[in-house]
Amino acid sequence: DPYADDPIRHPALKVNSQRPFNAEPPPELLTENYITPNPIFFTRNHLPVPNLDPDTYRLHVVGPPGGQSLCLSLDDLYQFPKHEITVTLQCAGNRRSEMTRFKEVRGLEWSAGAISTARWAGARLCDVLAQAGHQLSETEAHVCFEGLDSDPTGTAYGASIPLARAMDPEAEVLLAYEMNGQPLPRDHGFPVRVVVPGVVGARHVKWLGKVSVEPEESYSHWQRRDYKGFSPCVDWDTVDFDSAPSIQELPVQSAITQPKDGETIESGEVTVKGYAWSGGGRAVVRVDVSLDGGLTWQVAELDGEEQHARKAWAWRLWQLQAPVPAGKKELNIVCKAVDDSYNVQPDTVAPIWNLRGVLSNAWHRVHVHVAP
Ligand code: MTE
Ligand code: MO
């Protein structure tokens with residue numbers, strides 16, 4: 001069993017698949033803290049978790065022609081200036097189960113918990129690439145990452161991002177060796193992973209073994225044959241993966257974590273809580289909440305760290321305290337977020353449904369009963 005050596009996991013996690021291990025925190029824990037504690041940070045593994053020795057670990061950075069390839073130990077990585085930022089990581093499949101309810105899709109049944117936030121610290125990728133002699137002049141170039149996890153045929157997990165993002169100091173792409181002040185837990189990429197703020201989780205390659213600059217995107221299955229969006233009219237007979245761009249920045253997202261769907265709440269006052277986030281460093285400027293299925297709206301209060309323009313890498317938690325409208329036996333609670341480009345979430349799943357169930361960001365809806 002290639003999974004026999006996987007780490008022990010926290011019992012509170014809701015497991016979507018045991019081998020490979022995929023799990024999310026339950027909603028009430030997800031937004032209990034602005035920073036997600038490491039043991040309940042959602043986990044998305046495609047393969048067995050490698051068991052890497054920090055003393056013999058090496059990161060290979062391929063240099064440009066005429067440049068210098070690097071073979072970095074952990075100690076070498078610690079020599080680069082240490083950069084620490086708060087970043088929310090979201091899987092492209094977050095909230096997929098809502099797409100499934102509309103029409104069948106292929107993929108893990110994530111609820112709204114395939115998203116978490118941590119303080120990440122490490123070397124900036126731009127500093128490491130510069131040391132290897134890379135410059136921005138290479139046109140249309142991509143930075144390809146390879147993990148040290150692999151399938152039985154020896155194929156490693158891989159993904160890529162555009163070189164322009166990798167080389168931009170303001171994009172703050174990290175080769176992270178710390179998560180919330182601790183060495184990375186094994187499930188989250190020990191000893192080194194990529195953190196690409198504002199970008200889909202799939203590009204944050206864990207157990208990083210190799211970095212190279214290439215004229216084309218990574219040839220990995222997960223770059224080319226997965227993690228792409230399609231029209232609702234496309235099915236598995238007609239899908240052409242080459243026709244769509246790989247997902248990089250994610251669209252604006254929000255979800256309700258309290259109360260839970262199907263719950264019975266007290267009459268009087270209701271407290272609604274949740275998270276909101278947008279990709280590409282776009283800040284969340286507002287969250288609207290409706291108690292009547294979207295007919296009337298109230299503005300939620302935003303909590304969490306103040307966001308920097310164009311560098312809003314982390315989510316906002318939000319809450320709304322409101323009187324339960326008199327005489328109501330049930331409430332249809334809805335939330336939707338607005339980012340600083342005034343992007344909004346679509347109201348239903350139908351127009352964004354896609355065969356892989358990615359990019360699921362319709363208004364989040366929770367139905368509750370009111371105690372008599
Ligand atoms: N990196 C490697 N090497 N192997 C993987 O399976 N999964 C990716 C990404 N990096 C993956 C990986 C996906 S799809 C996501 S959403 C994130 O890691 C999840 O990171 P987490 O498990 O730390 O939450
Ligand atoms: Mo993912």
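1. Ground rules. This is a predicted model, where local features need pLDDT of at least 70, side-chain atom pairs count only at pLDDT 80 or more, and totals for chains, interfaces and linings use all residues. Residues are numbered from 1 along each chain as its sequence is written, chains are lettered from A and ligands numbered from 1 in the order in which they are written, and side-chain values use heavy atoms, with hydrogens and water left out.

2. The ligand and its contacts. Ligand 1 has 20 residues around it, with Phe42, Asp149, His188, Arg193 and Lys206 the closest (a residue is near a molecule if one of its heavy atoms lies within 4 Å of it). Now look for polar contacts, meaning pairs of N or O atoms within 3.5 Å; within protein, one must be able to donate a hydrogen and the other to accept it, and residues adjacent in sequence count only if both atoms are side-chain atoms. The side chain of aspartate 149 has an N or O atom 2.7 Å from a nitrogen atom of ligand 1. Arginine 193 puts a polar side-chain atom 2.7 Å from an oxygen atom of the ligand. Histidine 204 uses its backbone instead: an N or O atom there is 3.0 Å from a ligand nitrogen. Taken alone, ligand 1 exposes 530 Å², and the protein buries 100% of that (areas come from the Shrake-Rupley method with a 1.4 Å probe; for residues, only the protein chains shown count as cover).

3. The space taken by ligand 1 is the largest cavity (a molecule sits in a cavity or pocket if more than half of its atoms lie within 2 Å of its grid points). On a 1 Å grid over the protein atoms alone, a cavity is a set of points where a 1.4 Å probe fits but cannot get out, while a pocket is an open set with protein on both sides within 12 Å along at least five of seven lines; lining residues have an atom within 4 Å of a point. This cavity has a volume of about 230 Å³ (points are joined across faces, edges and corners, and a volume is the space filled by probe spheres set on the points). Its lining has 19 residues, with Arg44, Arg193, Gly201, Ala202 and Lys206 nearest the centre.

4. The other cavity. The whole structure has two cavities of 30 Å³ or more.

5. The largest pocket holds about 520 Å³ of space. It is lined by 26 residues, and Glu98, Arg101, Asp261, His364 and Arg365 are the closest to its centre. Helix H3 gives the most to this lining, with four residues (helices, H or I with at least four residues, and strands, E with at least two, are DSSP runs numbered from the N terminus). By class, the pocket lining has twelve nonpolar, six polar and eight charged residues.

6. The peptide bond from arginine 19 to proline 20 is cis, with omega near -5°; proline 20 is in the loop between strands S1 and S2. The bond from glutamine 258 to proline 259 is also cis, with omega near -5°. Tryptophan 207, in the loop between strands S12 and S13, has phi near 45°, a positive value in a residue other than glycine.

Technical notes: Nonpolar A, V, L, I, M, F, W, Y, C, P; charged D, E, K, R; others polar.
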